[in-house]
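Hi,

Here is the model I promised to pass on.

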Amino acid sequence: MAPILDFFSWSGKDSQKGTPVIVKMENPNYSIVEIDSPDTAFRPVEKNRGKNAKQVTWVLLLKANRAVGCVAWLATILWALLGTIQRRLIFRQGVGLASEKLGKGKLLLNIIKAFLATSLVFLTFEVVAYLKGWHYFENPNLYIPNSSDFQGFFHMIYVSWLAFRVDYIAPSIQGLSTFCVVLFLIQSLDRLVLCLGCLYIKWKKIKPRIDGDPFKSDDLEGSNENFPMVLVQVPMCNEREVYELSISAVCQLDWPKDQLLIQILDDSDDEDIQQLIKSEVSKWSQRGINIIYRHRLVRTGYKAGNLKSAMSCGYVKDYEFVAIFDADFQPTPDFLKHTVPYFKDNPDLGLVQARWAFVNKDENLLTRLQNINLCFHFEVEQQVNGVFLNFFGFNGTAGVWRIKALEESGGWLERTTVEDMDIAVRAHLHGWKFIFLNDVKVLCEVPESFEAYRKQQHRWHSGPMQLFRLCLPTIITSKIPTWKKANLILLFFLLRKLILPFYSFTLFCIILPLTMFIPEAELPMWVVCYVPVLMTLLNILPAPQSIPFVAPYLLFENTMSVTKFNAMVSGLFQFSSSYEWVVTKKAGRSSESDLLAAAESDMKALYNSQMMRGSSDSELSEMSQLKEQEKPIPAPVKKMNKIYRKELALAFLLLTASVRSLLSAHGVHFYFLLFQGVTFLLVGLDLIGEQMS
């Protein structure tokens with residue numbers, strides 16, 4: 001904004017200049033304004049000045065227009081939702097049923113269907129009783145009529161149901177709800193302590209620091225003796241969309257070439273993708289980059305087996321550190337210079353973990369909600385645990401390991417699908433320390449479709465329970481201090497990996513709708529509303545730009561509790577699905593800098609083609625036509641949406657409970673159940689990952 005120059009006050013005199021002017025309008029619809037000086041017109045208008053009828057009319061018309069526009073917008077959304085339900089759910093156009101191989105999915109689906117059928121029966125009873133005026137459930141103390149008060153056979157059945165509900169069902173539901181509420185409060189307290197720890201770190205400006213210049217050399221010729229030998233590994237499997245981005249990024253790392261070796265660990269079973277990756281590796285090798293392509297014929301052990309096979313190479317013994325990047329990660333050229341120096345003069349340090357940043361976080365509603373979760377994970381959980389405990393779960397990528405720490409901890413094991421957490425726990429038990437760098441970020445992608453996100457979350461929540469069963473005896477018998485054992489067992493595994501999905505699913509998806517039919521076990525308002533909203537706000541603090549998504553985030557997290565609970569049970573009881581590894585589908589998004597670099601290279605290619613003088617225009621046109629004919633035309637791939645039956649069954653269960661809450665005049669419960677049911681419906685119809693304009 002341009003500065004305001006008050007030319008009339010430069011003289012320093014208090015007297016006002018100018019002749020007072022009174023402007024009078026003959027039109028009575030306008031007010032009379034008295035101007036004493038040139039500054040008067042720019043003074044704030046008095047709030048208590050009256051408004052005439054025409055102004056009030058226009059204001060009301062504008063507000064009415066906005067209200068009508070809002071109603072029309074809501075009606076359009078509702079109409080589109082109904083049309084989608086008709087196409088996908090009734091006519092099954094362009095959709096397919098999601099596989100229920102994730103754990104005992106069919107068993108859980110049948111249980112939810114049984115609850116839904118029971119709730120429909122209960123709702124019928126309650127509606128008929130309400131219409132007949134039997135409002136017993138509205139009394140604070142339930143009154144059971146005597147046999148002389150019966151008004152017919154149906155009334156007798158309804159009264160018998162009330163007595164059975166009070167004596168047998170309500171106590172068990174109340175006991176389970178109390179247990180879940182206690183777990184909910186414990187987990188909320190843990191979340192609050194983590195947030196307070198993060199605020200303390202911000203207040204004190206605590207972060208890992210490097211003393212001096214680790215790369216400074218006394219040699220005038222600038223030798224590379226201060227640059228340790230670093231091995232870079234990029235495991236991938238059928239990564240057609242992102243292989244070029246990741247290989248290009250790691251090949252541009254700013255590190256002496258004779259001190260760096262890049263391994264491209266390809267587990268692809270598609271021969272076309274293998275050839276593409278080989279040609280990309282060959283291209284960078286011809287540019288002088290020390291890069292190797294490795295391919296396994298049998299994909300045993302998934303990612304852990306791939307890394308284990310690469311570490312068995314004889315030349316690995318010459319390297320001191322290994323940096324690992326998944327196929328969709330794009331490290332900046334200075335990544336190694338920001339991470340490797342922390343190992344100097346710190347022999348107990350085994351891992352330096354960098355933070356993730358997302359190139360597609362604003363792609364749709366699903367990616368925005370994932371960004372909230374992951375920002376809290378890195379900003380709060382990883383940073384607090386790294387500062388105060390020197391331990392956290394390795395994220396599997398964007399980290400640098402000391403190879404000695406890997407070897408002493410037993411190396412990569414193929415016993416779980418969370419090999420990153422496995423090696424981190426074993427390294428912690430051997431006394432190695434970890435550092436988390438919140439300021440060093442590596443670009444990557446989050447899943448853009450609900451199907452890919454669901455499979456990823458199933459692996460992330462089944463693996464830890466599977467690992468917990470395997471590591472529990474080792475943790476108990478280890479030589480680390482008792483408080484570290486307690487932290488691993490009670491907080492790291494039980495509270496954050498087992499209790500969280502258990503109470504979230506049981507409390508908000510099962511008990512809450514049941515309490516609408518069993519009012520004697522009703523949940524208090526602070527459990528349903530106040531505490532969840534407070535915890536949601538704490539989760540969103542690391543991503544303040546996501547505050548408008550508070551409500552969708554809270555509802556979506558409750559919806560995802562179905563998948564997480566199913567995965568937790570699968571891993572805890574070691575079902576076959578807990579050993580399945582499904583590669584998360586990527587879209588191949590590039591950062592803005594990558595797009596600018598690509599545009600610059602295209603301009604150079606265009607300039608070089610214009611500089612060719614040895615070929616005529618006809619020859620060039622013939623060559624371009626031949627190249628276009630050689631390129632295969634990819635067949636258009638039509639997106640196939642999925643129908644998720646567990647989510648749909650829970651949607652109808654919650655909507656049924658919301659109808660029942662209307663009979664008891666529970667306003668907050670009604671809105672919560674209604675919106676939660678609609679969220680389950682959107683997820684069940686695979687609408688949560690649709691594009692947003």
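The chain has a mean pLDDT of 81, with 76% of its residues at 70 or more; pLDDT is the predictor's confidence in each residue, from 0 to 100. Over residues 1-17 the pLDDT is below 50, and this stretch makes six contacts beyond near neighbours in sequence (contact means heavy atoms within 4.5 Å). Residues 605-621 also stay under 50, with three contacts beyond four places in sequence. Where pLDDT is low, the predicted coordinates should not be read in detail.

A bit of bookkeeping: this is a predicted model, so local features need pLDDT of at least 70 and side-chain atom pairs count only at pLDDT 80 or more, while totals for chains, interfaces and linings use all residues. Residues are numbered from 1 along each chain as its sequence is written, and side-chain values use heavy atoms, leaving out hydrogens and water.

Now the cysteines. There are zero disulfides in the structure, a disulfide being a pair of cysteine sulfur atoms within 2.5 Å. The sulfur of Cys-198 has its closest cysteine sulfur in Cys-195, 7.1 Å away, which is too far for a bond. Cys-198 counts as buried because its relative accessibility is 8%, and Cys-180 is buried too, at 0% (buried is under 20% relative accessible area, exposed over 50%, partly exposed in between, with a 1.4 Å probe and protein chains only).

Last, helix H13 (residues 525-540), helices being DSSP runs of H or I with at least four residues, numbered from the N terminus. Trp-526 sits in helix H13 and is partly exposed, because its relative accessibility is 35%.

Cheers

Conventions:
Helix = DSSP H or I, 4+ residues; strand = E, 2+ residues; numbered from the N terminus.
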